[in-house]
Amino acid sequence: MASHSVDWRDPPPDSCRRGAVTIGNFDGVHRGHASLLTTLRGQAATVRGPAVALTFDPHPLELLRPTQSQQPLTTLAERARLLQELGADHVVILRTEPTLLALTAEEFFAQVIRERLDARALVEGVNFGFGRNRAGDVGCLTAWCRAAGIGMVVVPPVVVEGVEVSSSRVRAALLAGDVATAQEMLGRLYRLHGTVGVGRRRGRTLGFPTANLTATENLVPGDGVYAVLAHVRGTAWPAAANVGPNPTFGEQARKVEVHLLDYEGDLYGQPLAVDFVRRLRATRPFAGVEDLTAQLRRDVEQARQATGS
C-alpha cells in the first residue's frame with residue numbers, strides 16, 4: 001500500500017492504473033467513506049486490478065472560495081492512512097491547482113479517469129459531484145462509463161440513528177462538543193493533531209501540568225473539558241483536556257490544554273495526537289484556585305474512568 005502525490009497532468013505510477021477507482025475529498029474518512037471502500041475492494045477483485053482512492057490537496061474550496069474553507073477533519077497523512085486501512089491499495093493525491101479545477105466534468109472523465117488512471121471500474125456515492133462548478137454527477141458519470149465499457153457502482157449513503165453520515169454533520173457534531181455522535185459517524189474516536197508549545201505553566205503550579213497545543217492541524221472540537229487519549233511515541237496515555245478559554249484567570253484566548261495522567265517527561269516542541277473519548281463538562285469560571293483544583297481532581301478521576309485506566 002502506498003500514497004502518491006502527483007500533478008494531475010502526469011500519469012500516476014503504473015501500479016495505480018487499470019483498477020477500480022473511487023474519487024472524493026474524503027474529509028474525516030467516515031463510515032460513508034468506509035462503505036465506498038468496501039465496495040471498491042469488491043470491484044478491484046472483479047477487474048483484477050488495484051483499489052485506488054483518488055483525492056485532492058489542498059481541498060478545492062481553499063482555491064475556489066478561500067473565505068469559506070475550514071480546518072479539515074483529518075490531516076492529509078491521516079486521511080491516506082485511514083483510506084489504506086479501509087482497503088485502498090493506493091491513494092493518489094492530485095495537487096489542486098486552477099487548471100485542474102477548470103476542467104469540465106467531461107474533460108475530467110476523459111483526461112483523468114480514462115487516460116491517466118485507465119480505470120476499469122468506478123465506485124461513487126449518490127451525491128458525488130465533479131468537474132468545473134461540480135457540474136458532473138453520478139448520472140452523467142454512469143452514462144459515460146457505460147459508453148466507455150467501464151464498470152460503475154453507486155453506493156447508497158450510510159445512515160446512523162436516522163441521519164445520513166456526512167463530513168458536514170461530523171463537523172457540526174464536533175463544533176457542538178458532541179464527540180459521541182462524531183464517533184458514531186466516524187466509526188472511531190476523533191483525533192486532533194498538534195504540536196506542544198510553551199504555555200503559562202500555570203497548570204504545573206496547580207499540580208496539573210498540561211501540554212499546550214499551540215499549533216493544531218485539524219478541526220478543534222467545541223469548548224469543554226474532555227476525557228481523551230494522548231499519543232506519545234506510540235503509547236496512548238489517558239488524559240483530561242480543556243478546550244477553550246480560562247475564565248477563572250480572566251483569559252479569553254481559546255486554547256487546547258492536555259493533562260496526561262501519570263506521565264512524566266518533556267513534551268515541548270513534539271507532535272501530539274489526541275483522541276476525544278467523552279465530553280465531561282462545559283468550561284466555566286470558578287470562585288478561586290481552591291475551587292478550580294477541586295474540580296480538576298474530579299475531572300481527572302472521570303477521565304481515568306472514561307478511558308478505562
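Of the 309 residues of the chain, 49% count as buried, a term that denotes under 20% relative accessible area, with exposed meaning over 50% and partly exposed in between (1.4 Å probe, protein chains only). The model is predicted: local features need pLDDT of at least 70, side-chain atom pairs count only at pLDDT 80 or more, and totals for chains, interfaces and linings use all residues. Residues are numbered from 1 along each chain as its sequence is written, and side-chain values use heavy atoms, with hydrogens and water left out.

The chain contains 10 helices and 14 strands, taken as DSSP runs numbered from the N terminus (helices: H or I, at least four residues; strands: E, at least two). Its C-alpha trace spans about 75 × 35 × 35 Å along the principal axes. Of the contacts (heavy atoms within 4.5 Å) between residues at least 6 apart in sequence, 73% join residues at least 24 apart.

Charged side chains number 34 positive and 32 negative, and the centres of the two sets lie 1 Å apart. Lys and Arg are counted as positive and Asp and Glu as negative, without His and the chain ends; each charge is placed at NZ of Lys, CZ of Arg, CG of Asp or CD of Glu.

Gln295 lies in helix H10, which covers residues 289-306. This residue counts as buried because its relative accessibility is 7%. Beyond its neighbours within four places in sequence, Gln295 is in contact with Arg281, Arg284 and Phe286.
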